[in-house]
Structures are given as structure tokens and as C-alpha cells.
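Before turning to the details, please look over the sequence and the fold together.

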Amino acid sequence: MHVRSLRLLAAATALLLLGGAAPLAGWAQDIDTSTTSIVDPTPSDTTVDADVPFVRTPQKVVNRMLELANVSEDDVVYDLGSGDGRIPITAAQEYDARGVGIEIKPDLVQQARQQANLVNVDHRVEFRQGDLFEADISDATVVTLYLLPDVNKRLRPKLLEELEPGTRVVSHGFDMGQWEPDEVVQYEDTYLYLWTVPKVIPPHLREPEEQ
Ligand SMILES: C[S@@+](CC[C@H](N)C(=O)[O-])C[C@H]1O[C@@H](n2cnc3c(N)ncnc32)[C@H](O)[C@@H]1O
């Protein structure tokens, strides 16, 4: 097995175990048809270099994340690393919010767009293919994450620099190092973290944290 494949396998295991998500068997089949249906639950393109492998947030957990962020129709919900698009799509379906997904893998972007079409929220959601570290996220009022601990820490300076004070950030499974969350919720077999971007950013949080 290649080193890169091993790295991806280790990261996927971390997401599933540390993030407390669905068991491995559910990875490709975690479909809750009561609120959404997935067009094509095949695994994503493994040839694209990503910081985190594709593992879905279970639909129940998606709902809880959006509830924790207190999403309303006035919000613009960004999911950084949006996978099959379920978080922005649910934000649009259930809360009439606007949703934006940033995803590096073209096949997942396509899948998310198809799904948005299928459930008639394509006028309220947008999926942009690209690197989340390069994306313009300045109009987000809510940001959701299901990444990895080191990726969250690397992302923290960008979030604090580019997001307006008052923007809520919710992370599935992983904290953000020294940035203390406002709330930590245990839900199903995982933890969800909520932060609010402050008006005054403590200088040490602007720096990338030692991994
Ligand atoms: C663990 S999955 C989460 C998917 C979705 N947010 C969810 O919660 O169901 C992480 C996603 O981030 C994407 N990703 C990883 N690195 C990325 C990067 N640098 N820029 C954009 N997307 C990235 C992966 O392709 C994958 O779809």
C-alpha cells in the first residue's frame, strides 16, 4: 500500500473513532431517507489530494449541528469540506437558510449539486470546487466543519481573520486547540463544539498552533 493511502486510511480511522461517527460499515450507506436521499453513495475520487478523507456526518448529527448553531432563514451556512453536500442542503431544506459548500473533489461537488437539484433547493445552495484554505468565506454567518484536529488548528487563523464577529462555528468531532468553545455537546456517539467569533481576537489564537 502507498504511503498516501496509508495516511488517508489513518485519517479516516481517526475521523470515525475520535470523531465518533458512524461505524465503518455505514460510511458509504449512511442514508437517512426521512430527511434527504443521496443520489450516488459511492466513495469519492481518491486521486485528488485532500487534507481529510470523505466521511459523512450522519444525518441526525447534521440536524443537531444546525440546531446548535441556531440556524435561521437569515443565515448563510458554509460547510468547509462539504462532501456530498448534506449540511448546506439540510440548512436550506429545514431552515430556509442559504448554503455554500466548499469541496476539493469534483465528483463530490457534482454529487452535491445533483442532490440539491433533486430536493429543489438548488436556488438556495451553491457548491464551489476548491481548497477550503483558499476560499472566500467572508459572507458566512455560520460555518460547519467535519475535518481533523490538526486541520481545524491550521484553519483557525483564517476563520478568526475572515469571519465577522458573531459568526457561529460548529465542528463535528474535533476542537480547535486553544480556542475555547462556548459549548460542547455530547450527541449520539460524538461531540459537537460551538464557537462564536469574538469582536476582539486574542493574539495567540491568530497564530497557527503547534501540532
Ligand atoms: C470528513 S468529510 C466531511 C463531509 C461533510 N462536511 C460532512 O460532514 O458530511 C471531509 C471533506 O472535506 C473535503 N476536503 C478535504 N480537504 C479539503 C480541502 N483542502 N479543501 C476542500 N475540501 C477538502 C474532503 O474531500 C471531504 O469531502
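A residue is called buried here if 20 or more other C-beta atoms lie within 10 Å of its own, exposed if 12 or fewer, and partly exposed in between, with C-beta atoms placed from the backbone. Helices (H or I, at least four residues) and strands (E, at least two) are DSSP runs, numbered from the N terminus. The model is a predicted one, in which local features need pLDDT of at least 70 and side-chain atom pairs count only at pLDDT 80 or more, while totals for chains, interfaces and linings use all residues. Residues are numbered from 1 along each chain as its sequence is written.

The chain contains six helices and seven strands, and 43% of its 211 residues count as buried. In helix α2, which spans residues 59-68, the buried residues are V61, V62, M65, L66 and L68. Viewed down the axis of α2, these buried residues fall within an arc of 160 degrees (taken over the directions from the helix axis to the C-beta atoms), so they line one face of the helix. They pack against α3, β4 (142-145), β5 (168-172), β6 (183-187) and β7 (190-196), where contact means that the C-beta atoms of two residues, placed from the backbone, lie within 7 Å. After α2 comes N70, whose phi is positive, near 55 degrees.

The seven strands of an open sheet follow the order β3-β2-β1-β4-β5-β7-β6, with mixed pairing; two strands pair if DSSP finds at least two bridges between them. Because β3 (125-129) and β6 stand at the edges, each with a single partner strand, one side of each is left without a neighbour in the sheet. On average, neighbouring strands of this sheet are turned by 20 degrees against each other, direction ignored. The strands β6 and β7 run antiparallel and are joined by five bridges, and V184 has Y193 in β7 as its bridge partner.

Helix α3 packs on the sheet, where it touches β1 (76-80), β2, β3 and β4, and its direction makes about 175 degrees with that of β2; axes are lines fitted to C-alpha atoms, for helices over the stretch in contact, and angles run from 0 to 180 degrees between N-to-C directions. Helix α4 (residues 106-118) also packs on the sheet, touching β2 and β3, and its direction makes about 170 degrees with that of β3.

Around the ligand stand 24 residues, of which A50, T57, G81, G83 and Y146 are the closest; a residue is near the molecule if its C-beta atom, placed from the backbone, lies within 6 Å of it. Both α3 (86-95) and β2 (98-103) supply at least two residues of this shell.
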